[in-house]
Amino acid sequence: MTHHQQSQEDSSLIDKDVGKYYDNIQQLELATDASSLPVSAIWPKRTLISRIGIVIVIILSIFLALHLRATHDGREVEQGGLVPTGPYRLLEAHEGRDFFSYYDFYNGSDSLGSAGFNTYVSQSKAEEMRIVDIVTGDNNEELVYLSSAPTKVGPRDSIRLEGKRRFERGLFILDVRHMPDGCGVWPAFWLTDEDAWPWNGEIDVLEGVNGQTTAKTALHTSNECDMYAHVAPYAKTGDWEWITGIPNTFTGEPDLRSNKPADNCWIMAQHQWENEGCTAVHDRNDTLGAPVNAAGGGIYVLEWDPQNHYIKSWVFSPEIPQNLFDAMRTAKVKDTSQRVMPDPSLWGLPYAYFAIGYTTGCSADHFKNMHLVLNLAFCGNVSGNRFSRECPVLAEKFNRTNDNGAHDPVLTCNAYIESNPKELEDAHWKIKGVYVYERMLEAPKEEKVDYAQI
Ligand SMILES: *[C@@H]1O[C@H](CO)[C@@H](O)[C@H](O)[C@H]1NC(C)=O
Ligand SMILES: *[C@@H]1O[C@H](CO)[C@@H](O)[C@H](O)[C@H]1NC(C)=O
Ligand SMILES: *[C@@H]1O[C@H](CO)[C@@H](O)[C@H](O)[C@H]1NC(C)=O
Ligand SMILES: *[C@@H]1O[C@H](CO)[C@@H](O)[C@H](O)[C@H]1NC(C)=O
């Protein structure tokens with residue numbers, strides 16, 4: 001495996017023009033550095049400054065502290081001085097036929113960053129091909145069915161739904177009864193802003209690769225979004241993804257001795273795979289893919305709450321907290337007083353916890369203007385690059401080599417998908433609903449600025 005392949009094998013759902021990012025990254029880093037420079041650079045020199053200088057510096061620092069608080073906190077004061085810290089209220093419930101009114105179908109080939117072996121088709125074409133449908137589940141429930149279909153030659157036709165609404169925060173709940181699963185299969189439910197990636201961030205809520213059965217939540221950001229020393233182990237049940245074998249910067253040799261957690265969300269973070277991001281892993285290995293499908297599905301929840309300084313996520317399968325169950329069951333009730341509001345404090349610890357906002361290592365403005373994406377890809381830069389390691393039997397059977405005669409995992413994965421194996425019939429989504437809540441606005445609580453930290 002070459003250095004290049006190694007460093008991109010865990011790259012994720014990135015989109016659009018990755019080149020644009022690499023071209024502009026230096027500009028971005030300069031801009032980011034400039035805003036944090038006064039705080040970090042002035043203090044070490046203070047012994048050299050006269051008393052008057054010290055007074056000026058203190059005044060400046062207080063000003064900066066307040067300024068940082070206002071801008072990096074995500075605590076923008078809204079509507080008459082209110083902030084979103086109250087109980088949750090329903091914003092959208094996507095269910096049944098109505099589901100599609102909340103999304104646009106993206107058509108065309110997969111993005112450069114993901115490079116999946118699939119072509120996304122329009123809604124009308126998908127409906128015509130019956131890879132998009134409404135089916136009946138248990139108890140006569142309407143379920144949204146999303147799948148893919150082979151073409152005569154080349155990439156499969158598939159679907160990518162992009163949410164119409166943009167979010168700055170929220171509680172996002174996916175009730176999925178069946179998810180695509182298997183070798184070469186790469187489904188995802190996530191949040192991003194493609195046109196401003198990675199500056200406006202990416203949050204992967206559900207992402208399955210090559211039959212993976214352990215859930216993960218990953219954040220992908222620009223620089224200066226680090227979870228190190230900001231997330232207490234007792235805040236969550238899961239762990240960071242631990243990585244070993246990152247190629248040495250100078251020799252390119254995999255470093256198998258060091259082992260470290262992937263807790264830096266910056267896509268270019270040192271000592272992590274390129275675009276790995278910060279990745280939280282569930283403590284149970286039956287929280288994604290086949291075991292969840294066998295249990296009749298699962299509920300995936302992301303709580304993105306800059307005002308309370310965290311992003312959390314949960315998987316509930318097979319058991320669902322009563323409060324969450326009632327919230328979903330009553331989401332569509334017309335009489336809003338009859339709706340049960342979700343209260344995450346009743347659900348137990350999340351498996352993933354990310355600290356964002358004031359006093360953390362990641363300012364809240366790393367996540368902005370995001371919409372939901374629900375898609376089904378094949379092979380490409382993640383599933384394809386890992387295909388030979390994660391599906392060794394198929395890799396031997398469909399073995400393809402590159403121009404140099406060396407085994408090529410991506411071409412091998414493509415060859416497997418192109419053979420239209422019977423297993424791909426199982427690679428479909430069945431979704432009961434997607435529910436989005438936001439906290440109600442309330443008067444801000446007094447919060448002291450902790451000058452000692454600056
Ligand atoms: C993704 O794969 C394509 C095609 O193999 C390649 O050209 C591109 O550089 C890859 N991008 C990333 C970010 O790995
Ligand atoms: C495909 O998407 C483009 C926008 O990217 C849109 O203009 C076009 O109408 C779409 N085609 C179909 C068949 O929906
Ligand atoms: C899943 O975890 C259980 C216990 O936590 C373990 O016994 C089992 O071997 C694991 N299965 C796989 C496929 O790793
Ligand atoms: C694929 O074929 C090449 C060339 O014959 C061989 O070197 C390689 O070991 C094979 N890889 C697998 C996974 O079968």
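View 1. Helices (H or I, at least four residues) and strands (E, at least two) are DSSP runs numbered from the N terminus. The model is predicted: local features need pLDDT of at least 70 and side-chain atom pairs count only at pLDDT 80 or more, while totals for chains, interfaces and linings use all residues. Residues are numbered from 1 along each chain as its sequence is written, and chains are lettered from A and ligands numbered from 1 in the order in which they are written. Strands β14 (residues 242-247) and β15 pair in the antiparallel sense over five bridges; pairing requires that DSSP finds at least two bridges between two strands. Six residues separate β14 and β15 in this hairpin, and Gly-252 in the turn has a positive phi of about 75 degrees. A residue is buried if 20 or more other C-beta atoms lie within 10 Å of its own, exposed if 12 or fewer, and partly exposed in between, with C-beta atoms placed from the backbone.

**View 2. An open sheet of three strands has the order β3-β4-β7.** The pairing in this sheet is mixed. β3 (108-109) and β7 (156-158) stand at the edges with a single partner strand each, so one side of each lacks a neighbour in the sheet. Strand β4 (residues 118-120) pairs with β7 in the parallel sense over three bridges. Ser-158 in β7 is the bridge partner of Tyr-120.

**View 3. Ile-159 is among the residues with the most contacts inside the largest nonpolar core.** This core has 96 residues; a nonpolar core is a set of buried Ala, Val, Leu, Ile, Met, Phe, Trp, Tyr and Cys residues joined through C-beta atoms within 7 Å. Leaving aside neighbours within four places in sequence, the contacts of Ile-159 include Phe-105, Tyr-120, Leu-146 and Leu-376. Contact means that the C-beta atoms of two residues, placed from the backbone, lie within 7 Å.

**View 4. Helix α10 (residues 409-418) is largely enclosed by the rest of the structure, because seven of its 10 residues are buried.** Among the buried residues are Pro-409, Cys-413, Tyr-416 and Ile-417. Their cover includes β7, β20 (371-378), α7 (380-384), α8 (387-390) and α9 (392-397). Asn-420, which follows α10, has a positive phi near 50 degrees.

**View 5. Lys-368 is found in the loop between β19 (352-355) and β20.** Lys-368 is partly exposed, with 16 other C-beta atoms within 10 Å. Not counting residues up to four places away in sequence, Lys-368 touches Glu-168, Asp-193, Asn-200 and Gly-201.
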